[in-house]
Amino acid sequence: MQVVYSDDELLHNPLNEMTGGEWKPYVESPKRLVSIKNFIDRHPEFEVVDPNDYSLGPILDVHRQDYVCFLQSIYEEWVAEGKPAEACLGETFSLPAMTGKIDPEVVRKTANKSASGKMGYYTCDLSVCFVKNTWRATYASAQVAISAAHRLTEAIVTKDKSQSIYALCRPPGHHSSHQMAAGYCFVNNAAVVTRFLQNYTFEDMNKAKKPYGFDLEAIRKQEFSTGTATENKKILIVDIDYHHGNGTQDIFYDDSSVFYVSLHGFPDYPYFTGSAEETGRGEGIGYNINIPLDPKTTTDAIYLDNLERVLNQQSVVDFEADVVVVSMGLDTWHEDPIAGMKGLVDMNTYRKMGSLIKTSASCNGRPVLFVQEGGYTIEKLGDLAGSVLQVLLF
Ligand code: SP5
Ligand code: ZN
């Protein structure tokens with residue numbers, strides 16, 4: 001199995017985060033990726049490949065342009081204001097100002113006048129910490145995911161027998177929405193590849209592909225193309241991260257061409273979303289399934305039973321996805337320092353998750369793109385990822 005990875009993803013390295021009323025060492029550390037990469041390097045069934053560069057085009061199919069400009073320049077602006085170089089963090093959050101009574105554009109204009117205004121407007125917790133190379137790592141992470149989507153498309157077009165691929169992404173993405181950074185996430189990699197697979201023909205992908213190389217000024221001036229696909233491919237997103245992927249859900253909430261399914265600890269971060277009552281809106285009604293699970297009582301068997309049930313549920317099967325995107329968080333493991341289901345203790349459960357993704361009625365025979373999300377038991381991450389992917393290797 002091919003694994004797309006870039007060293008640039010390691011460059012985002014904040015010191016601390018504020019959670020649960022305490023300052024703690026930043027849990028979403030580069031060591032996570034190093035650990036998975038070491039595991040991959042020791043196992044010859046995996047082949048590590050470099051990303052290519054597809055420009056900002058595919059990112060802008062998901063995220064607002066003003067938000068992407070914010071990601072690119074906030075750190076420099078923060079430092080230019082004389083603020084501490086080791087951490088650019090929000091100080092207020094815009095939600096109270098956004099009850100809809102003030103014209104949102106007026107709020108945005110005011111927010112844009114200062115670095116703290118922008119942080120308040122575009123971020124919503126204190127895990128979203130910008131350091132010097134946050135944008136560089138975020139851009140790399142997105143290009144890793146997009147490159148994986150292109151390679152997967154190539155495998156589909158050439159009818160290659162191996163139709164699954166692993167995007168070793170960091171920072172993760174599923175808490176980020178059109179104009180929101182949250183929960184260690186800045187760009188929603190799973191959403192970006194979903195739109196890329198839908199909007200770009202294989203020819204568009206080939207045309208957009210350039211050698212990867214991060215150059216901030218060049219990215220600012222970049223010209224980018226957009227996709228020209230006319231048939232709307234159907235994408236099933238299976239989110240097995242411990243946390244509810246509120247960003248991904250939000251992005252596709254109105255959309256019947258993307259089916260979002262999430263199993264997650266509940267109630268837990270992000271604290272406001274993830275209930276089973278969230279089923280979509282408008283055209284998207286019925287294309288969003290949340291399976292909230294009690295982290296104290298969920299066992300290996302209960303977890304697998306829920307996963308099996310939803311992946312064989314009639315509406316998900318009838319959707320007839322063209323491609324499956326798995327938001328692969330590994331933070332369901334019982335030892336996870338910030339998450340984890342108490343009863344998820346058996347490594348075989350992760351192998352069975354992979355089998356269900358391979359053989360369930362909704363996924364069977366379909367290409368699968370794995371996108372790395374959370375998971376914080378640093379020394380276990382390789383085993384956990386390797387277990388999920390094992391049945392898909394051959
Ligand atoms: C991608 C991803 O997994 N993001 C998760 C962000 C979670 N951040 C909040 C964590 C709250 C942790 N509560 C601490 C409980 C420690 N026992
Ligand atoms: Zn998570």
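In the predicted model described here, 16 residues of domain 1 are in contact with eight residues of domain 2. Two residues count as in contact if their C-beta atoms, placed from the backbone, lie within 7 Å. On the side of domain 1 that touches domain 2, two or more residues each come from α2 (57–60) and α6 (134–157). Helices here are DSSP runs of H or I with at least four residues, strands are runs of E with at least two, and both are numbered from the N terminus. Helix α6 gives the most to this side, with three residues. By residue type, the side of domain 1 that touches domain 2 holds nine nonpolar, five polar and two charged residues. Ala, Val, Leu, Ile, Met, Phe, Trp, Tyr, Cys and Pro count as nonpolar; Asp, Glu, Lys and Arg count as charged; the others, Gly among them, count as polar.

The domain assignment gives domain 1 as 2–65 + 132–390 and domain 2 as 68–122. Such bounds come from an automatic or database domain assignment. The centres of domain 1 and domain 2, taken over C-alpha atoms, are separated by 27 Å.

Residues are numbered from 1 along each chain as its sequence is written, while chains are lettered from A and ligands numbered from 1 in the order in which they are written. Because the model is predicted, local features need pLDDT of at least 70 and side-chain atom pairs count only at pLDDT 80 or more, whereas totals for chains, interfaces and linings use all residues.

Two strands pair if DSSP finds at least two bridges between them. Strand β1 (residues 2–4) and strand β6 (residues 164–167) run parallel and are joined by three bridges. Gln 2 has Ile 165 as its bridge partner in β6.

The loop between β9 (258–265) and β10 (288–293) contains Pro 267. A cis peptide bond joins Phe 266 to Pro 267, with omega about -5°. Pro 270 is found in the loop between β9 and β10. The bond from Tyr 269 to Pro 270 is cis, with omega near 10°. Tyr 271 also has its place in the loop between β9 and β10. Its phi is near 75°, a positive value in a residue other than glycine. Tyr 271 is exposed, with 11 other C-beta atoms within 10 Å. Ser 55 has a positive phi of about 70° although it is not a glycine. Ser 55 lies in the loop between β5 (52–53) and α2, and is buried, with 20 other C-beta atoms within 10 Å. A residue is buried if 20 or more other C-beta atoms lie within 10 Å of its own, exposed if 12 or fewer, and partly exposed in between, with C-beta atoms placed from the backbone.

Around ligand 1 there are 16 residues, of which Pro 172, Gly 183, Tyr 269, Ile 338 and Gly 374 come nearest. A residue is near a molecule or strand if its C-beta atom, placed from the backbone, lies within 6 Å of it. The shell around ligand 1 divides into five nonpolar, eight polar and three charged residues.
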